[in-house]
Every structure is written in C-alpha cells, then in structure tokens.
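Hi everyone, thanks for coming. Let me put the structure up on the screen, and then we can walk through it together.

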Amino acid sequence: MSNSHREHHICWGGGCDHRGGHCLQVEQLSAGYGALDALSDLSFSIDCGHTLALIGPNGAGKSTLLNVLAGLLRPRSGRILWNGAPLMDNRHEIAYVPQRSEVNRNFPLTVRGLVEMGRYPSLGVWRAAKQHDRDIVERAIDALGLRELSRRQIGELSGGQQQRAFLARALAQEAHIMLLDEPFTGLDLPSSESLGEMLRALAAEGRLIIASHHDLITAPKIFDYSLLLHRELISFGKTADSLRADHLQVAFGYLPHTLQA
C-alpha cells in the first residue's frame, strides 16, 4: 500500500488505529451450499485503498465470496484475515450493499432513516445515539449528495439514488470494507458513471471496495484490481492484466463478444 493511502486513510470516529496496513487476506477458502462447491481453494490478498471487481460467469462464485466476506455464509475451509486477525472479529468494519432487486421498495423508510441504520452496529440494542453518531449521519448524507433527498422514501428514489443511499449507510457505519453485489445493474449511463466516480473516491480515502461486476468494458475504468473466478481462482491482479483474453477464455469457456476483434 502506498504512503498516500496510509496518510489519507478514512476514519470518521475516535479511537481508530490504522498501524499495520489494513490488508485483506483470503487463504485457501472453500465454500458452498449443500453438496454444491461454489468456491474452491481461493487465495488472494489486497490492501485497503483499492477497488476490486469480482468477475466471472453466472455461478462462478462471486456472490458466494461476497456472502462469506460479509459473514452471511460460513466457509467450509480456509481463513480470512483483516490486519492479521480473523475478519469476523472486526465485523463492524464490513458493510454489505445488496442488489437493488433485494430492496423492498414499499418499506416505509426514509433516506435519513436508512443512513441512521449504519450507526446500529456501534450503538447496540439499548444505547441512544449521541452527537458523535448524529454528526456522522449528517456527514454521510452530505458526502453522497443526499441532503435534498433525505426525507424521501427509499421506494421513491431512482436506481442511482438508491445506491447512493445505501453507500451513505455504509459510510455512517464507518466501514473500511464495502461489499457491493452487482451495484451497476439496471443503472443508466449517467448514474453508472457517477457511481463509478463515487467508488473510486471512497477507495482513495482509504477504503477497500469489493464489488461483483459483469461489464468487461467498464471494469478497467472503475476497478484497479480484478479477481476472475470460475469456482476457483483464474486470475488476480491489476485489472488490465487479470482480464486478459486468455484468462477470460478459461473463465467463460469462450471469448466474450465484447472483447472479440
């Protein structure tokens, strides 16, 4: 990790100590559902301050990896470390942004209410919000440009606005690892470009952004690193190197038409 990433590492709350580098290490990870092996012997490591795309065909294990990282699925074997300690010992540092299709658009929740939910992991069940918590909520709302939308119901927002609201919730949580499941699906071009800029900006502040992604054309513009999967690791590294034609041929079984000359 570069010195600039260390110096500008985001920390909105008190008591944060970033000595030690903030590195995510996945070691020999295997996971699945019932008799199905969705991931096998996966290993990679990446520092904070980066955007990482998870790319592969349907059923390649992208959502499975996100679910394991988010603590929603127990791995069958292997381990995941964050700064040398088990990731689940630092669950408050992980924020998961689901696919928009999983959001109940009829649930009566405002943008502000959604962002305030980001403070729940720190508050616990009984502790009331303090000024520190309210300040973080306000900062998250402003950071994602949601001030004018803060009283709107989630179901009234456009796709791009919804994604910004969920990112604001993650900011309010003071998460260092942001996990996003297909965040660009269904967005128009302006909304996609705006979201891409936001993700890069969040990473530049020192967060680690990990997202499943399917568009091979836009991936190099948004993500500086890519992990190519087909139930096991095909390639990992800088996006231009990871998404080479020969790697894509192995992962997809054919060369995706978007890369065919």
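Before we start, one term: a residue counts as buried when its relative accessible area is under 20%, as exposed when that area is over 50%, and as partly exposed in between. Please also keep in mind that this is a predicted model.

You'll find Glu 182 in the loop between strand 7, residues 177-180, and helix 7. Is Glu 182 buried or exposed? Its relative accessibility is 13%, so Glu 182 counts as buried. Its backbone is worth a look too: phi of Glu 182 is near 45°, a positive value in a residue other than glycine.

Now compare Asn 83, which sits in the loop between strand 4 (77-82) and strand 5 (85-86). Here phi is near 60°, again a positive value in a residue that is not glycine. Asn 83 has a relative accessibility of 34%, so this one counts as partly exposed.

Let's step back to the whole chain. How many helices and strands are there? The chain has 10 helices and 10 strands. It runs to 261 residues, and 50% of them count as buried. If we take contacts between residues at least 6 apart in sequence, 68% of those join residues at least 24 apart.

Next, a pair of helices. Helix 6 covers residues 159-172 and helix 7 covers residues 189-204; their axes come within 10 Å and cross at roughly 15°. That angle makes helix 6 roughly parallel to helix 7. The crossing itself is right-handed.

Which residues meet there? From helix 6 we have Gly 160, Gln 163, Arg 164, Leu 167 and Leu 171, and from helix 7 come Ser 191, Leu 195, Met 198, Leu 199 and Leu 202. Sorted by type, the residues of this contact are 6 nonpolar, 3 polar and 1 charged.

Stay on helix 6 for a moment, because it also holds Ala 172. Ala 172 is buried, with a relative accessible area of 0%. What does Ala 172 touch, leaving aside its neighbours within four places in sequence? Its contacts are with Val 115, Gly 118, Arg 119, Ile 136 and Ala 140. There is also a distance to show you: the C-alpha atoms of Ala 172 and Met 117 are separated by 8.1 Å, although these residues are 55 apart along the chain.

Our last stop is helix 10, residues 245-252, where His 247, Leu 248, Ala 251 and Phe 252 are buried. Why are they on the same side of helix 10? They cover an arc of only 115° around the axis, and that puts them on one side together.

Let's zoom in on His 247 in helix 10. With a relative accessible area of 18%, His 247 is buried. Setting aside neighbours within four places in sequence, His 247 is in contact with Leu 228, Ile 234, Ser 235, Asp 241 and Ser 242. Finally, just after helix 10, Gly 253 takes a positive phi of about 85°.

Definitions and conventions: Residues numbered from 1 in each chain as written. Predicted model: local features only at pLDDT ≥ 70, side-chain atom pairs only at ≥ 80, totals over all residues. Heavy atoms only, no water. Buried < 20%, exposed > 50% of the residue type's maximum accessible area, 1.4 Å probe, protein only. Helix = DSSP H or I, 4+ residues; strand = E, 2+ residues; numbered from the N terminus. Arc of directions from axis to C-beta. Axes fitted to C-alpha atoms, helices over the stretch in contact; angles between N-to-C directions. Parallel < 35°, antiparallel > 145°, perpendicular 65-115°, else oblique. Left-handed = near helix turned anticlockwise from the far one by under 90°. Contact = heavy atoms within 4.5 Å. Nonpolar A, V, L, I, M, F, W, Y, C, P; charged D, E, K, R; others polar.
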